[in-house]
Amino acid sequence: MEIFDTFFNVPVLIRTFPLLMQGLWVTLQIGVVSIVAGLVLGLALALVRLYGPFWVQLLARAYINFMRSIPLLVLLIIIYYALPFVGIRLSPFLSAVSALSLVSAAYTAEIFRAGIEAIPRGQFEASSALGLSYRHMMVDVILPQAIRIVIPPLTNNCINVMKDTALASVVAMPDLLKQATQAQALAANPSPLIGAAIIYVAFLLPLVAAVSKLERSYAKADR
Amino acid sequence: MPGYIEIRNLQKKFGSFTALHGIDLDIAEGEVVCVIGPSGSGKSTLIRCINLLEPFEPTSRITVGGTTVERGHNLEKVRADVGMVFQSFNLFPHLTVLRNVMLAPMRVRGTSPEAAEKRARELLARVGIGEQADKYPGKLSGGQQQRVAIARALAMDPKVMLFDEPTSALDPEMVGEVLDVMKSLAGTGVTMVVVTHEMGFARQVADRVIFMDGGRIIESGTPAQIFDTPQEERTRNFLGAVLNH
């Protein structure tokens, strides 16, 4: 069976498995750091975009729109290959994390903003009328309701960031995809690519399923 | 009579539109005042200024119990002493009825959870929904939700209760149960300012009725004066429109 020898070659898969695991570890590092940085930056951006002075709001909006328009690969190439010309030299890891978090922050900001804006004005007014401080209003009333709204789209965004880590292979980052392509070259056989695909799916499928489950249970609670 | 709530030259603008044209009003402690008038007359805006849900012009001045209503650390104190009931209830949907009532006393007054729960259960029983305490607001009817909202405001032991069209969003058969709770509240010493379209309630319960139109107080007096012998043309027209149909 030629197809099995070519794409599902078990000895090749076993031989290259340690390489793929090293790649997975790098992918997870890039992904988790980018997701956390994106969340923090995104929440800050959302608050600035909602409550900042007018011109800061404009800047935040411009940033968000720009980062959502630029292809991630283009941004990554600019950061890694173009910034050194102006004296900013980032390691492949930092380049990948910067590009991923800058873009993720833009999407996260829009998610947080939508979540907070979805809370009716009456909730803010009722909290204020009771004498709750801004902190208590946010912690006890607004954010618990907003979190419920933003968790599914935030998880979706995390999935996208994890998938986009594959682009880091372009800047010579030894992530899962890069290791797989190298293993493929070494073994002169594309099975490691299939192995990488299986690993990506095995990691992300549970997250995808979790989002669907959350969305279903929220839809049920709203009825 | 010295005003517990003193409103001086209250002006409110929304952009180029002037919603309130310099209102002067004193409300005594324990007084029940009903504010009536057509839609857009500024009556809701007026009571929303009392706890600064609407910011007003800097030349205007409102004091509640001697404390000036303004941005700053006095504001939370004023708001803690001034309860408000909204047309759309605005209960916290993620908290049970009991927790809705307990939240502000615990966070603002520092009441212990045990004391707050005891008080909340008393108040819920008083407004006739003691057995619904552990449900979420979404499971209650509009009339029940509005009574929870009244209990939530009362839990802060307010000196003043503001009602912003509390029965306007209710199905007709539920209006009575909310008005009954409000009637039982009148005469307990709490100062009440009620924006309402319920003329029967105003006539029966109010110490004073204020008729507003176009952002001004057109006429004010006892229910008998306003409803039986209105002096102003606009008051007569309004009452004619709402009472004879």
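Axes are lines fitted to C-alpha atoms, for helices over the stretch in contact, and angles run from 0 to 180 degrees between N-to-C directions. In this predicted model, helix 9 (residues 233–243) of chain B runs at about 100° to strand 9 of chain B and lies across strand 3, strand 9 and strand 10 of that chain. The briefing covers the sheet of chain B and the interface with chain A.

**Sheet of chain B**
- An open sheet of mixed pairing is formed by six strands of chain B, in the order 6-7-8-3-9-10.
- Strand 6 and strand 10 (216–221) of chain B each have a single partner strand, so one side of each lacks a neighbour in the sheet.
- On average, neighbouring strands of this sheet are turned by 20° against each other, direction ignored.
- Four bridges join strand 6 and strand 7 (residues 160–164) of chain B in the parallel sense, and Met84(B) stands opposite Leu162(B) in strand 7.
- Helix 1 (residues 43–50) of chain B lies across strands 3, 6, 7, 8 and 9 of chain B, at about 150° to strand 7.

**Extent of the interface**
- Contact involves 21 residues of chain B and 18 residues of chain A.
- About 1,600 Å² is buried between the two chains, with carbon and sulfur atoms giving 62%.
- Phe92(B), His94(B) and Arg107(B) lose the most area on the chain B side, together 31% of what that side buries.

**Polar interactions and composition**
- Two salt bridges are counted between chain B and chain A; Arg48(B) and Glu125(A) meet in a salt bridge at 2.6 Å, N to O.
- Six residue pairs are in polar contact across the interface.
- Helix 3 (97–109) of chain B gives the most to the side touching chain A, with four residues.
- That side of chain B has 13 nonpolar, three polar and five charged residues.

Conventions. Residues are numbered from 1 along each chain as its sequence is written. Chains are lettered from A and ligands numbered from 1 in the order in which they are written. This is a predicted model: local features need pLDDT of at least 70, side-chain atom pairs count only at pLDDT 80 or more; totals for chains, interfaces and linings use all residues. Side-chain values use heavy atoms; hydrogens and water are left out. Contact means heavy atoms within 4.5 Å. Buried area is the accessible area (1.4 Å probe) that two parts lose on being put together, summed over both. A salt bridge is a side-chain nitrogen of Lys or Arg within 4 Å of a carboxyl oxygen of Asp or Glu. A polar contact is a pair of N or O atoms within 3.5 Å; within protein, one must be able to donate a hydrogen and the other to accept it, and residues adjacent in sequence count only if both atoms are side-chain atoms. Helices (H or I, at least four residues) and strands (E, at least two) are DSSP runs, numbered from the N terminus. Ala, Val, Leu, Ile, Met, Phe, Trp, Tyr, Cys and Pro count as nonpolar, Asp, Glu, Lys and Arg as charged, and the others, Gly among them, as polar. Two strands pair if DSSP finds at least two bridges between them.
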